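Me: I'm new to this one and would like to go through it slowly. Could we look at it together?
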Amino acid sequence: MLAVLEMALRQSRALALTTLVLLGLAAPAAAVTVSYNGDFEQIDIGDGKRFSLLAPSSVPGWQTTDRAIELWANGFNGVTSYSGDQHAELNAYTFGTLFQTITGVGVGGAIELSFAHRARQGTDVMRVLLTDLGDDGEYGTADDTDLFDRQFSATTAAWQVNQSSDFGSISALGGDLRLSFTAVSTGSGSPSVGNFIDDVTVDVSPVPLPAAGLLLLGALAGLGFARRARRA
């Protein structure tokens with residue numbers, strides 16, 4: 001009788017442990033940031049420099065269709081960076097596109113995009129596009145899929161923080177992602193004066209195990225306990 005009670009106790013402990021594991025699988029996984037250098041702190045242009053027009057290859061994580069990537073130091077011309085000590089001006093020389101490619105995002109992951117936007121003069125407008133690059137990994141081909149595409153405006157009053165979740169959910173398709181910010185218009189009327197951007201973040205939450213999978217694991221665990229009980 002004592003042996004039977006000890007076996008039952010061990011099985012109860014094992015079942016409790018399995019239940020905790022299953023609950024852990026059911027809990028939402030923590031989001032992972034997959035964007036890089038979103039607050040433009042790399043490369044450091046130095047406290048003594050007002051702004052820098054940099055070769056695209058010198059700014060980690062980012063590329064541009066413009067001739068340069070323009071970074072501003074915190075406080076220059078009265079503009080405080082939203083995050084850290086630097087921010088970017090989208091309009092360096094012209095109405096260009098600042099973009100980066102993000103890899104390793106699994107199918108079905110929930111994508112959350114956020115960024116801070118501010119005008120340099122009047123009201124500035126830019127377009128934000130998140131594109132799955134498909135099997136070929138190339139932008140501008142037939143298998144591209146736009147996951148998010150909207151225009152945003154901002155004034156000089158303050159940084160405007162925008163989040164993709166305000167417009168619905170985004171589910172990853174499994175291909176590489178291209179995140180791009182394109183200048184649409186400037187309050188200054190100049191192609192080289194407008195659209196500050198900072199604190200660009202792309203977070204991905206992994207796909208949780210479906211309820212059906214949890215039930216199957218629970219059933220298999222219960223079957224294993226039943227078999228061991230019969231052998232005892």
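Me: Which residues line the largest cavity?
Reply: Keeping in mind that this is a predicted model, the largest cavity is lined by Thr64, Ala68, Ile69, Glu70, Ala88, Glu89, Leu90, Ala92 and Leu98. Two strands, β4 (69-73) and β5 (86-89), each give at least two residues to that lining.

Me: How many of those lining residues are nonpolar, polar or charged?
Reply: The lining of the largest cavity is made up of six nonpolar residues, one polar residue and two charged ones.

Me: And how much space lies in the largest cavity?
Reply: The largest cavity holds about 40 Å³ of space, and the count of cavities of 30 Å³ or more comes to one.

Me: Glu89 was in that lining, so what does its side chain meet in a salt bridge?
Reply: The side chain of glutamate 89 meets that of arginine 120 in a salt bridge, at 3.0 Å from N to O. This pair links distant parts of the chain, since glutamate 89 is in strand β5 and arginine 120 is in the loop between β7 (110-118) and β8 (123-132), 31 residues apart.

Me: Are those two buried or exposed?
Reply: Glutamate 89 has a relative accessible area of 3%, so it counts as buried, whereas arginine 120, at 26% relative accessibility, counts as partly exposed.

Me: How many salt bridges does a search of the whole structure find?
Reply: The search finds two salt bridges, and one of them joins arginine 127 to aspartate 149, with the closest N and O atoms 2.8 Å apart. Because arginine 127 lies in strand β8 and aspartate 149 in strand β9 (residues 145-155), that pair ties together parts that are 22 residues apart in sequence.

Me: Switching topic, how many aromatic pairs are there?
Reply: A search of the whole structure finds 11 aromatic pairs. In one of them, the rings of tryptophan 72 and phenylalanine 196 have centres 4.7 Å apart and planes at 65 degrees, which is why the pair is edge-to-face. Tryptophan 72 lies in strand β4 and phenylalanine 196 in strand β13 (residues 196-205), so parts that are 124 residues apart in sequence are tied together. Both tryptophan 72 and phenylalanine 196 are buried.

Me: Which residues do ring pairs link into a cluster?
Reply: The cluster consists of Phe40, Trp62, Phe115, Phe148, Phe152, Phe167 and Phe181, linked by ring pairs.

Me: Last one: which ring faces does arginine 178 lie over?
Reply: Arginine 178 lies over the face of phenylalanine 99, at 4.0 Å from the ring centre, and also over the face of tyrosine 139, at 3.8 Å from the ring centre.

Key: Residues numbered from 1 in each chain as written. Predicted model: local features only at pLDDT ≥ 70, side-chain atom pairs only at ≥ 80, totals over all residues. Heavy atoms only, no water. 1 Å grid on protein atoms, 1.4 Å probe; cavity = no way out; pocket = protein on both sides within 12 Å on 5 of 7 lines; lining within 4 Å. Points joined across faces, edges and corners; volume = space filled by probe spheres on them. Helix = DSSP H or I, 4+ residues; strand = E, 2+ residues; numbered from the N terminus. Nonpolar A, V, L, I, M, F, W, Y, C, P; charged D, E, K, R; others polar. Salt bridge = Lys/Arg side-chain N within 4 Å of Asp/Glu carboxyl O. Buried < 20%, exposed > 50% of the residue type's maximum accessible area, 1.4 Å probe, protein only. Phe/Tyr/Trp six-rings, centres within 6.5 Å; stacked < 30°, edge-to-face > 60°. Lys NZ or Arg CZ within 6 Å of the ring centre and 35° of its normal.
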